[in-house]
Amino acid sequence: MTARVIDGRAVAARLRERLAAEIASLPFAPKLVVLLVGDDPVSAVYVRNKDKAARAAGFTSETERLSAATTEAALLARIAALNDDPEVDGILVQLPLPRHIRTEAVLDAIDPAKDVDGFHPLNAGLLAIGRPALVPCTPKGVMTLLAEAGVPVAGARAVVIGRSNIVGRPMAALLTLADATVTLAHSRTRDLAAECRRAEILVVAAGRPGLVRGDWVAPGACVIDVGINRLADGRLAGDVAYAEALPHAGWITPVPGGVGPMTIATLLANTLAAARARRG
Ligand code: GUN
C-alpha cells in the first residue's frame, strides 16, 4: 500500500478562499494584531506569512515589532490597550518570548474573546471540559485535514506524541471530543514504538526529526506530521521518517506542505470567528 498524501496547501487555500468570500460580505474588515518581541528570524518569517495571508483574505492586519529589550510591564500595557480597543478583534503574541518576559503572564493578559491562539487559560480550560471556544490553530487545523481527507475519527485509536500546550494537549482534547480513543505519549513514554504501532491515527508533534520510523506505522494508519525541523544541510524535515512511512500508511502529511499551511489559515478562521462573536 502507498499512502494518500494529504495536501495541506490545497486544503488551506480552499479555507482561505472561503474566509475571503465571507469577509467580502461583511460590513467591516476583522482586525488582527500580531505582537513580535525581539528578532528571532524564524518568528519573523512566521509573522510575515501571517500578515500576508491575513491581508490577502481581506482582514486588516497589523504587526507591531517590539525590541528584545521590551519589559514585561511594557508588553502587558500594550496588550491592555489592544484589549480595550474596540477595532481589534484578534491579538496574537508570537512565541517564544525573550527570557526576561514570563510567557504565562502575557498569555493570561490577553482578553479571552480576542485570544485567537486559544492559549489563554480560560480557552484552554473550556476545550479541556468539552466546551471549545477559541481553539489553538495547529491542532484545529489537523482536525480540518482529517475531515477533508475523509479519515474516520470516531472510535479510532489515536496516539498523539508531544504534550505541549500549543499542539499535543489541545490535539488530544480535540480528538477526544471527536470520539477517538486517545493516548497522549511524550518523552517519558516507556515504549513509544509499541504505542505508535497501535495507532490508527498518529499525530506527531515532538520536534525531533525522523523520530517515527516506518515500522512504527500500522498498516493503513493516518500519519499527521506536525514537526518542522531545519536540518544541518538547510532542508526542512518532519518528525516522521517520511519515505519509510509512506508504504505503511493509509494517509500521510508531507513536510513542508502538510500541517504547516493549515496553522495560518486556521488563525484567520479564528480571527473571523472572534470578530463575529464580538461584533454580533
Ligand atoms: N510559535 C510557534 N507556534 C506558535 C503559535 O501557534 N502561536 C504563537 N503565538 N506563537 C507560536
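Tutor: Helix H1 (residues 8–24) packs against helix H6 (residues 137–149) at an angle of about 100°, and their axes lie 11 Å apart.

Student: Why is H1 called roughly perpendicular to H6?

Tutor: Angles of 65 to 115 degrees count as roughly perpendicular. The angle is about 100°, so H1 is roughly perpendicular to H6. Please note that this is a predicted model, in which local features need pLDDT of at least 70 and side-chain atom pairs count only at pLDDT 80 or more, whereas totals for chains, interfaces and linings use all residues. Residues are numbered from 1 along each chain as its sequence is written.

Student: Which residues in H1 and H6 meet?

Tutor: Gly8, Val11 and Leu15 in H1 meet Thr144, Leu145 and Glu148 in H6; contact requires C-beta atoms, placed from the backbone, within 7 Å.

Student: What makes up the contact of H1 with H6 in terms of nonpolar, polar and charged residues?

Tutor: It divides into three nonpolar, two polar and one charged. Val and Leu count as nonpolar, Glu as charged, and Gly among the polar.

Student: What secondary structure does the protein have?

Tutor: It comes to ten helices and eleven strands, where helices are DSSP runs (H or I) of at least four residues and strands (E) of at least two.

Student: Why is the protein called as compact as a globular protein of its length?

Tutor: The globule rule is 2.2 Å times the number of residues to the power 0.38, and the radius of gyration is taken over C-alpha atoms. For 280 residues the rule gives 19 Å, and the radius of gyration is 19 Å, so the description applies. The C-alpha trace spans about 55 × 45 × 40 Å along its principal axes.

Methods. Axes fitted to C-alpha atoms, helices over the stretch in contact; angles between N-to-C directions. Parallel < 35°, antiparallel > 145°, perpendicular 65-115°, else oblique. Contact = placed C-beta atoms within 7 Å.
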